[in-house]
Amino acid sequence: MLVVAASTHFVFAQTARTIRVVVSVPAGGAIDALVRILADEIARTSGQTIVIESRPGGGGVIAAEAVARAAPDGNTLLINTNGMLINAILRKVNFDPLTSFEPICKLVTSPLVLVVNSASPYRTLADLVAAARARPAELSFASVGPHSTQHIAIERFKRLAGIDVIYVQYPGGAPAINALLGQHVTAVLQNYQEVRGQLNAGSLRALAVASARRIEPLPELPTIAESGYPGFDAEVWFGLVAPAKTPPEAVAQLVGSFSRAVEAPEVKAKLALQALYPDPRCGSAFAAHIRRQSDEYARMIRDLNIKGE
């Protein structure tokens with residue numbers, strides 16, 4: 001039986017072992033949705049106890065440092081994202097994303113959607129770009145930041161489109177969306193899961209999706225690449241890591257539990273409603289993905305001249 005406490009902790013009864021999954025954001029976002037869905041499936045199939053602990057702040061650094069210091073016994077895990085790699089490049093942190101953790105699995109990808117207020121005159125990405133070119137340094141793009149996947153994507157799009165817009169950073173997706181609803185910013189780039197409700201309600205309008213493919217909930221929405229910027233591809237991924245030196249048998253058990261959960265048909269259906277797409281890459285495959293992504297972000301940060309705080 002799944003018990004959900006007010007603190008977003010999950011406790012499953014009749015298990016001998018409790019796994020603590022640390023997340024770097026408050027409840028309510030895409031990460032929270034993902035872990036809740038997986039925790040429910042793991043509880044149903046194995047009765048395993050999973051406690052979900054939120055440690056927001058520092059662009060994910062606080063959560064990552066806590067897990068890097070945890071005992072390597074397979075009982076403490078971190079949901080990591082692209083942002084952990086970006087922060088390690090731009091800031092002094094007390095962990096190394098390549099060596100401080102044992103990769104378990106990359107779980108899902110989450111597409112980013114560029115949205116405007118429904119009262120905005122911009123109905124297409126071309127409209128927005130034309131206005132930005134006509135009024136340099138007047139329009140504003142907002143998102144969670146700084147040093148997030150969204151921040152890097154906005155800076156990259158600015159470069160490709162040849163526009164000068166103000167980047168406005170918020171501590172989370174919800175404050176950025178509230179600013180857009182209040183018409184304090186021009187556009188927001190955020191995970192689909194976090195703008196879905198406002199899109200369905202008609203208070204926001206989507207102009208483009210940043211990932212390489214269109215998304216199932218919005219099949220008519222073009223990608224940024226299709227809108228005149230070929231090769232543009234930006235999305236958030238969520239993965240699971242344990243502290244370095246976690247025993248191989250514990251890693252193997254975790255790989256089995258989470259990979260089976262994310263591939264379960266009922267889980268895929270629930271994730272699809274959130275526009276979260278299973279992409280399980282486990283063990284050495286996930287380690288290779290982390291190394292490749294770290295190299296790519298280092299190159300983009302250098303090319304875009306993005307500086308740390």
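The buried residues of helix H3 in this predicted model are Asn 82, Gly 83, Met 84, Leu 85, Ile 86, Asn 87 and Leu 90. Buried means under 20% relative accessible area, exposed means over 50%, and partly exposed lies in between (1.4 Å probe, protein chains only). H3 is thus mostly covered, with seven of its nine residues buried. These buried residues pack against helix H2 (61-69), strand S5 (76-81), strand S6 (101-117), helix H5 (149-161), strand S11 (235-243) and helix H10. Contact requires heavy atoms within 4.5 Å. Helices (H or I, at least four residues) and strands (E, at least two) are DSSP runs, numbered from the N terminus.

H3 (residues 82-90) packs on H10 (residues 284-304) at an angle of about 50°, with the axes 9 Å apart. Axes are lines fitted to C-alpha atoms, for helices over the stretch in contact, and angles run from 0 to 180 degrees between N-to-C directions. H3 and H10 are therefore oblique to each other. Angles under 35 degrees count as roughly parallel, over 145 as roughly antiparallel, 65 to 115 as roughly perpendicular, and the rest as oblique. The crossing of H3 and H10 is right-handed. A crossing has that hand if the near helix is turned clockwise from the far one by less than a right angle, and is left-handed if anticlockwise. On the H3 side, the contact is made by Asn 82, Leu 85, Ile 86, Ile 89 and Leu 90. H10 contributes Ile 290, Gln 293, Ser 294, Tyr 297, Ala 298 and Ile 301. Eight residues of this H3 and H10 contact are nonpolar, three are polar and none is charged. Ala, Val, Leu, Ile, Met, Phe, Trp, Tyr, Cys and Pro count as nonpolar, Asp, Glu, Lys and Arg as charged, and the others, Gly among them, as polar.

Leu 38, Glu 41 and Ile 42 in H1 meet Ser 257, Phe 258, Ala 261 and Val 262 in H8. The contact of H1 with H8 divides into five nonpolar residues, one polar and one charged. Asp 40 also lies in H1 (residues 30-46). Asp 40 counts as partly exposed, at 31% relative accessibility. Its C-alpha atom is separated by 13 Å from that of Arg 260, 220 residues apart along the chain.

Lys 106 is placed in strand S6. At 3% relative accessibility, Lys 106 counts as buried. Leaving aside residues up to four places away in sequence, Lys 106 touches Trp 237, Phe 238, Gly 239, Asp 279, Pro 280, Arg 281, Phe 286 and His 289.

Overall, the protein has 10 helices and 12 strands. Its radius of gyration, taken over C-alpha atoms, is 19 Å, close to the 19 Å of the globule rule for 309 residues, so the protein is as compact as a globular protein of that length. The rule is 2.2 Å times the number of residues to the power 0.38. The C-alpha trace spans about 65 × 40 × 30 Å along its principal axes. Of the 309 residues, 55% count as buried. Residues 24 or more positions apart account for 77% of the contacts with a separation of 6 or more.

Local features need pLDDT of at least 70, side-chain atom pairs count only at pLDDT 80 or more, and totals for chains, interfaces and linings use all residues. Residues are numbered from 1 along each chain as its sequence is written, and side-chain values use heavy atoms, with hydrogens and water left out.
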